[in-house]
Amino acid sequence: MSAVPQIPAQNLAIRWGTWIVPAILVALLPLFFKSGFAINALNEIGIMIIFALSYNMLLGQSGMLSFGHAVYSGIGAYIAIHALNLIGKGSFSFPVTLVPLIGGLAGMLCGVILGYVSTKRAGTTFAMISMGIGEMVAACSLMFPAFFGGEAGISSNRMTTPGWFGITYGPSVEVYYLIAAWMLLAVLAMYALTHTPLGRMMNAVRDNPERAEFVGYNPQRVRYLAMILAGFFAGIAGGLSAINYEIVTAEAVGAVRSGNVLVMAFIGGMGQFFGPIIGAVLMVFLGLTLSGITKAWLFYFGLLFLSMVLFAPGGLSGLIMLHQPIWRAKLMSRIAPSYVAALLAGLVAFSGVIGLVELTYRRLAEADHKMKFFGMVVDAEQPLGWIAALILLAVGAWLCKMAWAKVSDAWRDITLQLQGGKKA
Amino acid sequence: MEFFLISLMHGISFGLLLFMLSSGLTLILSMMGVLNFAHASFYMLGAYFAYQVSHYVGFWPALIIAPLIVAALGAAVERFGLRRVHKYGHVPELLFTFGLAFLIEEIVHIIWGRAPVDYQIPAALDFTLFKIYSTSFPAYKGFMMLISLLMMVGLWLMITRTRIGLIIQASITHPQMVEALGHNVTRVFMLVFGVGCGLAGLAGVIGGNAFVTEPSMAATLGGIVFVVIVLGGLGSLTGAFIASLLVGIIQTFSIAVDASFLDVLAKIGIALQPGSQLHNFFSIKISQTANVLPFLLMVLMLIVRPRGIMGTRES
C-alpha cells in the first residue's frame, strides 16, 4: 500500500499483473462456465463485488458501520429500471450500456440527500441513523406504488434498442460482459480512490477524527464525501442488477440486502481492499449452493458470521495477510500440520452441529421426520441420531481444544524465529 | 372525544411497552457503550419462551420464568461473547450483536417455524376493563400498563435507592475509580446486560400475546426502539421515557386515523386536481404512514436538535 517514489521494474510488473491477469481471467470465464445457471451466478457475483466494495468504502476505509446501504443500490436500481422503461417507450434515447451510470448518479443523489443527515455523526449513532433511514425507505416502498411498484415491483425489458455494435443484451453472456466491464472499471476507480488525498483522509477520519480535525480537515465533510461516493458505486451495482434481472422489487431497498452486503464485506475482510471481493465471491457461491442443500442455510451463515466476529475480526483477507510474513520466510510447512489437525477437528465438531441443527429442524418444522445424512436415513424421532450428533460435537470440541494448543505452539515457535531472523 | 381517549390509552400502553425495551437498551448503552442490536431479539425470545412455558404450566409462572431465562441468556451472551469482542473496539461489538440478532431469528425459525405461534392472553384477563362511551378497553392492556409501571418504579428504586444501583451509577461515569474501590465492574456490566435483556424478555412476555408472536416481531420493533433512544437522547432514561410515550401515542393515533392527506387538505380549503401528480401523492392514507412516522421523526430530530430531547452529549 505504501507509495514508494521509485519502483523497480519487477514490482511494476507485479503491480500491473495484479490487474491484467484477473481482467483476462474475467474475460475468459464464460468459455468455461457455459450453463445459464453458472452465467447467472457470475453476474450476481460481479454485481455483489461492486456493491460490497462500495460498502467497504464506508466500513473499512472511513469507519462508518452502515445498516442501510441497500437504500443507495436499491434507489439506483429503481431509477435505472424506470430509465429502461422510458428508453423502451422511446421517450428517452440513451444507450443501455450506460444505464448503470444513471443508477450510479441516482445513488449519488441519495448519498447527497440522506448522507447529509446521517454523516453528521460517526460511530454507533451513525449505525443507528443509517438503520433508521433504511427502515424509512423500506417502509416508503409500500406507500408509493407508482415509483416502487408495490408488492410486484417494477419489471422491464433490457432489449430495447439495437445497441452499439449490434449488442442487444438478449443472451445473458452479453450481460455478463457488461457487468464484467463495469465491475473492472468500478474496482479500478475505487482502488485509485484509496490512493487519493481524500482516500487517505477517509482513513485518518476513521482512525482519529480529532487529529484529522487538527490537521485542518472537517471529519463530517470527509464522511459526507465518502457517503456520496459510496452511494455512487452502490447505485452502479443497483443499475446493473436492474439490467440483469429486468425486475426490481421492494427487497432491493430492504434490510436483508443491507445485512447481506455487510456480511460479505466483513467475512471477506474490511481491512484490505480486496477483502470484500473474496467475501462477495464466497457468499454468493455459498448462498447458491447451500440454499439447495439445506433449508437452515441462513442459520449457518449467521454462525459463520458470528464466529468470524469472535475469532477472526480481520475477515478472510485478514487471515491471509497474517500469514504473509510466514509465507515470505518459507515457514508455512512448520505451521501447516497443526492447521490440518485443527481443520479436521473443526470438521468433526461442525458435523455434530450440523447434525443437531438438521435433526431439530426435521423434528419441529418439517412434516417428514426422516432425513438423509451422508447416505444414511436418520429418523429424528429416534434418539440414535441425536446421540451420534452429540458425541460428534463433544469429541470434536475436545479435539479442537487439543489442536488449538498445537496451533498456538507452532505460532509461538514461528514468531520467535521471525523475530530472531530480523535481529541477525 | 371517545376516539381520542381510547387511542390515547392504547398509545400509552404501547409507549410503556416501548419504554421497557428502551430502558434496558439505554442502560446498556450508557454503561458499556454497546448498542445492543439484538435487544429486540431478546424481546422476541421472551415472547416465545413464555408461549412455550405457558403451554406446560400456564401464563402466571411463565410471567416470572421466561424473563429469568432471557436474563440468564443475556448474561451468558455478555460473558462469553461481548466481553471477547470488547477488546477489538466498538464496530466489532456492534457487528457481534447484529450477527446475534440474525442468528436468534434463524434459531426461532428452526425451533418454532416461520408462521406465528398461538400465544394467547390468559382467560383470567380476557374481559373488558371499562367502557369509554361505547368503546371498551380490554383488561389485558391495563395489565400491561400495570406491569410496565411496576417495572419502571422498580428500576428507578433499584438505581437510586440501593447499593448496587449506586455502583451502577458510578460505573457509568467513573468505571476505573469504581474498580479501584474494589468493586467488580465487569460483573456489574454482566449484571446490567442480563437485567436489560430480562426487561426486554418481560416486555416480550406481556407484548407477545397482545400483538403477534412471530419471527419478524424483533425486526419490526427493533427499529422503533432505536428511534426512541435517539429521540430521547442517547443514554438518558428520562428522555427514553418521554420518547417512548411520544412514539407510542403518535403511532397508535396514526394507525387509527382513517383519512387521507387529501381530506386534511380539503378541510383547510385546498382542493387538488384529481389525477395530478400531487393528488396521487397526497391520496395516501395517514394510517399507511404509521410505519414511516417514527423514522421521519428521528431524521427531523437529528436535523433540528441532534442530541435528542434530554441528551447531554453530541455523540
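Buried means under 20% relative accessible area, exposed over 50%, and partly exposed in between, with a 1.4 Å probe and protein chains only. By that rule A:L306, at 10% relative accessibility, counts as buried. This is a predicted model, in which local features need pLDDT of at least 70, side-chain atom pairs count only at pLDDT 80 or more, and totals for chains, interfaces and linings use all residues. Residues are numbered from 1 along each chain as its sequence is written, chains are lettered from A in the order in which they are written, and side-chain values use heavy atoms, with hydrogens and water left out.

**Interface of chain B and chain A**

- Chain B and chain A bury about 3800 Å² between them. Buried area is the accessible area (1.4 Å probe) that two parts lose on being put together, summed over both.
- Carbon and sulfur atoms carry 82% of that area.
- On the chain B side, the elements giving two or more residues are α3 (59–86), α4 (90–112), α9 (217–232) and α13 (293–304). Helices are DSSP runs (H or I, at least four residues), and strands are runs of E (at least two), numbered from the N terminus.
- α4(B) gives the most, with 14 residues.
- That side of chain B divides into 31 nonpolar, eight polar and five charged residues. Nonpolar covers Ala, Val, Leu, Ile, Met, Phe, Trp, Tyr, Cys and Pro; charged covers Asp, Glu, Lys and Arg; the others, Gly among them, are polar.
- Chain B brings 44 residues to the contact and chain A brings 43. Contact means heavy atoms within 4.5 Å.

**A:L306**

- A:L306 sits in helix α13 (residues 297–311) of chain A.
- Leaving out residues up to four places away in sequence, A:L306 touches B:F96, B:G99, B:L100 and B:L103.
- A:V263 lies 43 residues away along the chain, with its C-alpha atom 9.8 Å from that of A:L306.

**B:E78**

- B:E78 belongs to helix α3 of chain B.
- B:E78 counts as buried because its relative accessibility is 4%.
- Beyond neighbours within four places in sequence, B:E78 contacts B:M32, B:R83, B:F189, B:M190 and B:F193.

**Hairpin in chain B**

- Strands β1 (residues 128–132) and β2 (residues 135–138) of chain B run antiparallel, joined by four bridges. Strands pair if DSSP finds at least two bridges between them.
- B:T128 has B:P138 in β2(B) as its bridge partner.
- Two residues lie between the strands, and B:Y133 takes a positive phi near 55°.
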